[in-house]
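Let's take a walk through this one together.

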Amino acid sequence: MRVSPALNRVRPRTAGLLGAALLALLTAAAAPAATAGATGAQEVRIDSTGSVSADGTVTLTGSYRCLSGGAVFVSSNLRIGDESRNLGTGVRAACDGASHRWSSRAKPEQLDAKPGPAQAEATLVHLTEGSLVPMPEFLAVGRQDITLVADGA
């Protein structure tokens, strides 16, 4: 099957737009449209203690509640000092109005994660449907000063 030259020009643009949407999801914590706190029906919380392994892998946990249907994710970020990094690509959320637990485990690149104080942020993100590219809609943001403890401590 022969593909038209016009379609070949559209594919890279579409891939670029999808990449931009994914980047927006991964950097949800920096989005100005995000609203802090909970609406009661939609909220995300972070536990006050996270863990860090000897190789720098960080685990953050918390809870969330949401009602939105479709693709909803919990995205998390970790800040130590002036450095902030996203942890993972997001955890799929079950939005049925009940409270659920979430956990994110990743080794943030270029971040010296070790036991001690840190700040964590979790964002509940809904990817909207109906357009060519799913766009993020920020449902809730939770921020927490946390303590990272050594795994097994």
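Keep in mind that this is a predicted model. The largest pocket has a volume of about 150 Å³. Its lining is made up of 11 residues, and R79, S84, Q119, A120 and E121 are the ones nearest the pocket centre. If you want to know which strands to look at, β4 (71–80), β7 (116–127) and β8 (136–150) each put at least two residues into that lining.

S51 sits in strand β2, which covers residues 49–52. Is S51 buried or exposed? Its relative accessibility is 15%, and the cut-off for buried is under 20%, so S51 counts as buried. The side chain of S51 has a partner, too: a polar contact of 2.9 Å links it to the side chain of D151. Once you skip neighbours within four places in sequence, the contacts of S51 are T57, V58, T59, L148, V149 and D151, so D151 turns up in that list as well.

On to the other serine. S104 belongs to strand β6, residues 100–106. With a relative accessibility of 6%, S104 counts as buried, because that value is under 20%. Which side chain does the side chain of S104 make a polar contact with? That would be S76, at 3.2 Å. Leaving out residues up to four places away in sequence, S104 touches V58, T59, L60, S76 and L87.

Definitions and conventions: Residues numbered from 1 in each chain as written. Predicted model: local features only at pLDDT ≥ 70, side-chain atom pairs only at ≥ 80, totals over all residues. Heavy atoms only, no water. 1 Å grid on protein atoms, 1.4 Å probe; cavity = no way out; pocket = protein on both sides within 12 Å on 5 of 7 lines; lining within 4 Å. Points joined across faces, edges and corners; volume = space filled by probe spheres on them. Helix = DSSP H or I, 4+ residues; strand = E, 2+ residues; numbered from the N terminus. Buried < 20%, exposed > 50% of the residue type's maximum accessible area, 1.4 Å probe, protein only. Polar contact = N/O pair within 3.5 Å; in protein donor to acceptor, adjacent residues only side chain to side chain. Contact = heavy atoms within 4.5 Å.
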